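Welcome, and thank you for taking a look at this report. Please have the sequence and the 3D view at hand as you read.

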Amino acid sequence: MVNLVLFGPPGAGKGTQSQYLIRDMGLLHLSTGDLLRSEIAAGTKLGLEAKSLMDAGLLVPDEVVIGMIKSKLQSNPNAAGFIFDGFPRTIAQADALDTLLLGLGTSIHCMISMAVPRQELIDRLLLRGQDSGRADDQDRGIIEQRIEEYMLKTAPVADYYRNQGKLQEIDGLGTIQSIYQRIQAAVNA
Ligand code: ADP
């Protein structure tokens, strides 16, 4: 198995770049944001509870996302590997992921962290909000709150992987294709 974490603030381009990695490496894409939005669309209790937090730009509780990831890992035992997108977003989630993967006899191979300046993130998210229909992309205050949550709770997760010698940092500015080339180089390094 090859397991990658695609990491970066909201609007860094994780979802976009995941699509290329899926195409070329045949990995399964696990985006906790997508999984939560499916729960909301299906009108589940979990979705209902998550929605108000997501709309406010706050993280949903660790046990909720860890539970979703656990069930996806267990239901795909023959996957070639996984791309984790938007997860782990806290140190507790990173710890839980290590434990889950250990139980499957595998581990994270590398974290690719995409750096994008704050103003560029805000511009990209507001642009995406014009046609994505995502409420959390349409309000500058909510976008700023998400970036705050990222700085406070998520940015430290990079050090968790740095300490394991697994962190690869790349510049997230440029064309989609040129960023993908940087990611490929980082994965192969
Ligand atoms: P973005 O990266 O653009 O913020 P996501 O789709 O990854 O978008 O996440 C949208 C929202 O879903 C987050 O603001 C948060 O409320 C919730 N969420 C997604 N993944 C996690 C996670 N791993 N832990 C906690 N909350 C999460």
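## Terms and model

In what follows, Ala, Val, Leu, Ile, Met, Phe, Trp, Tyr, Cys and Pro count as nonpolar, Asp, Glu, Lys and Arg as charged, and the others, Gly among them, as polar. The model is predicted: local features need pLDDT of at least 70 and side-chain atom pairs pLDDT 80 or more, while totals for chains, interfaces and linings use all residues. Residues are numbered from 1 along each chain as its sequence is written, and side-chain values use heavy atoms, with hydrogens and water left out.

## The largest pocket

A pocket here is an open set of points on a 1 Å grid over the protein atoms alone, where a 1.4 Å probe fits, with protein on both sides within 12 Å along at least five of seven lines; lining residues have an atom within 4 Å of a point. The largest pocket holds about 880 Å³ of space, a volume filled by probe spheres set on the points.

Its lining has 45 residues, and Pro-10, Lys-14, Arg-89, Arg-128 and Arg-134 lie nearest the centre. By type, the lining of the largest pocket splits into 18 nonpolar, 16 polar and 11 charged residues. Helix α2 gives the largest share of this lining, 5 residues; helices are DSSP runs of H or I, at least four residues, and strands are runs of E, at least two.

## The ligand

The ligand sits in the largest pocket, meaning that more than half of its atoms lie within 2 Å of the grid points. Around the ligand are 19 residues, and Thr-32, Arg-37, Leu-58, Gly-86 and Gln-93 come nearest (near: a heavy atom within 4 Å). This shell comprises 8 nonpolar, 4 polar and 7 charged residues, and helix α2 (residues 32-41) supplies its largest share, 4 residues.

Now for the polar contacts (N or O pairs within 3.5 Å). A ligand nitrogen is 2.7 Å from an N or O atom in the side chain of Thr-32, and a ligand oxygen is 2.6 Å from a polar backbone atom of Leu-58.

## A cis peptide bond

Phe-87 and Pro-88 are joined by a cis peptide bond, with omega about -5°. Pro-88 lies in the loop between β3 (81-85) and α5 (91-103).

How values were computed. Polar contact = N/O pair within 3.5 Å; in protein donor to acceptor, adjacent residues only side chain to side chain.
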